[in-house]
Amino acid sequence: MIGSKNGSPATGGFPQTRLRRLRRTPWVRALVAESRLAPADLIWPLFVIEGKSEKEPISSMPGVERLSVDLAVAAAREARDLGIPCLALFPNTPRERRTPRGEEALNPENLVCRAVRAIKEAVPEIGILCDVALDPYTSHGHDGLLSEDGRILNDETVEVLIAQALVEAEAGCDIVAPSDMMDGRVGAIRGALEGNGHKDVLIMSYAAKYASAFYGPFREAVGSGGLLKGDKRTYQMDPANGDEALREVALDLAEGADMVMVKPGLPYLDILRRVKEASGAPTFAYQVSGEYAMIEIAARAGAFDRDKAMLESLLAFKRAGADGILTYFARDAARLLSA
Ligand code: PBG
């Protein structure tokens with residue numbers, strides 16, 4: 001029954017409280033919205049290739065293309081104009097430059113370093129993030145060095161990652177993002193940055209990075225997928241674990257990370273919330289390639305409205321506590337948000 005018999009409202013609950021009053025009009029919805037999404041929340045990952053005016057489609061990521069450096073510079077201008085604060089650059093290293101030990105990662109003239117310099121020169125006001133991990137450079141597709149019997153060598157890998165981070169910092173990269181999940185790499189990289197005149201370079205650690213099937217399209221994009229032998233479960237986290245994410249995050253912050261990341265995104269919103277609450281540190285979510293593919297391909301198949309699904313998925317990260325999101329939708333989302 002609505003109300004009480006004599007007309008005096010019952011205390012508490014309905015009808016004193018009608019939550020739909022707060023949803024009735026756009027202006028009141030805007031007024032009471034708890035989370036907001038803006039272009040400033042977004043980091044846009046770009047895949048870079050050799051050549052000039054070259055674009056290549058990525059079959060598992062319809063709508064995303066690998067870009068030669070000159071086109072990446074043009075994309076950086078677009079990002080800046082849309083208010084996107086930062087790009088993440090991933091190289092598709094030519095096959096002949098991939099080796100068991102990934103030496104190309106340490107070449108100051110490698111693709112990603114050239115892209116960083118070109119973008120920094122043309123668009124100095126945009127931030128640039130680079131992965132620290134060997135998978136775009138190794139002939140076996142792993143993030144680290146392999147022993148003869150096929151194990152990933154932690155400490156030996158960390159030594160190479162230090163050198164890779166320094167090469168990226170020298171090129172002008174603003175944020176180095178260790179995505180390799182070796183133990184101790186954040187502290188080692190922080191020490192090397194401090195000791196080599198790069199004390200202001202930020203570290204965003206892929207702190208809680210899970211061994212996920214959702215990275216499949218990324219591996220196609222950087223060309224490591226076909227090369228990968230085995231899986232990454234001896235270094236990336238077990239999707240069964242949540243407490244362990246908090247231990248990873250605490251260690252990385254203690255070792256000198258400025259920001260932490262949870263990856264993948266939507267299937268791990270519980271981890272994102274826990275990390276943000278426990279650490280209070282700037283916390284980022286990576287809406288990874290497989291998540292992009294799920295939304296984009298389903299929308300192209302007519303399952304739902306692409307733009308709405310895209311914005312809803314991104315807002316969910318903000319609600320769960322993310323300070324920002326790495327997303328292949330960054331440009332399209334920023335366009336919609338600033339329209
Ligand atoms: C490499 C790296 C991966 C991603 C970012 N950096 C893949 C992997 O660890 O295998 C995944 C990003 C995505 O799927 O969009 N260390």
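The legends below describe an overall view and several close-up views of one predicted model.

Residues are numbered from 1 along each chain as its sequence is written, and side-chain values use heavy atoms, with hydrogens and water left out. Because the model is predicted, local features need pLDDT of at least 70 and side-chain atom pairs count only at pLDDT 80 or more, while totals for chains, interfaces and linings use all residues.

Figure 1. Along the principal axes, the C-alpha atoms fill a box of roughly 85 × 45 × 40 Å. Of the 339 residues, 53% count as buried. Buried means under 20% relative accessible area, exposed over 50%, and partly exposed in between (1.4 Å probe, protein chains only). Helices (H or I, at least four residues) and strands (E, at least two) are DSSP runs, numbered from the N terminus.

**Figure 2. Asp41 and Lys318 form a salt bridge.** The closest N and O atoms of this pair are 3.0 Å apart. The partners come from distant parts of the chain, 277 residues apart: Asp41 is in the loop between helix 1 and strand 1 (42-49), and Lys318 is in helix 10 (residues 306-320). Asp41 counts as buried at 11% relative accessibility, and Lys318 counts as buried at 19%. A salt bridge is a side-chain nitrogen of Lys or Arg within 4 Å of a carboxyl oxygen of Asp or Glu. By this rule the count comes to 25 salt bridges.

**Figure 3. Lys232 and Asp143 form a salt bridge.** Their closest N and O atoms are 2.6 Å apart. This pair links distant parts of the chain, 89 residues apart, with Lys232 in the loop between helix 6 (216-222) and helix 7 (243-254) and Asp143 in the loop between strand 5 (127-132) and strand 6 (145-146). Both Lys232 and Asp143 are buried.

**Figure 4. Asp252 and Arg185 form a salt bridge.** The closest N and O atoms are 3.3 Å apart. Asp252 in helix 7 and Arg185 in helix 5 are 67 residues apart, so the pair links distant parts of the chain. Both Asp252 and Arg185 are buried. Elsewhere, salt bridges that share partners join Glu78, Glu296, Arg300, Arg306, Asp307, Arg331, Asp332 and Arg335 into one network.

**Figure 5. Arg18, Arg20, Arg21 and Arg23 form a positive surface patch.** Patches are made of residues with over 30% relative accessible area and no salt bridge; like charges are joined within 9 Å, and nonpolar side chains (Val, Leu, Ile, Met, Phe, Trp, Tyr) within 5 Å. Lys and Arg count as positive and Asp and Glu as negative, while His and the chain ends are not counted. The place of a charge is NZ of Lys, CZ of Arg, CG of Asp or CD of Glu. Arg18 lies in the segment before helix 1 and is partly exposed, with a relative accessible area of 39%.

**Figure 6. Leu19, Leu22, Trp27, Leu31 and Val32 form a nonpolar surface patch.** Together they have about 550 Å² of accessible area, computed by the Shrake-Rupley method with a 1.4 Å probe; for residues, only the protein chains shown count as cover. Leu22 is in the segment before helix 1 (26-32) and is partly exposed at 41% relative accessible area.

**Figure 7. Asp155, Glu156, Glu159 and Asp183 form a negative surface patch.** Asp183 is in the loop between strand 8 (175-178) and helix 5 (185-195). Asp183 is exposed, with a relative accessible area of 54%.
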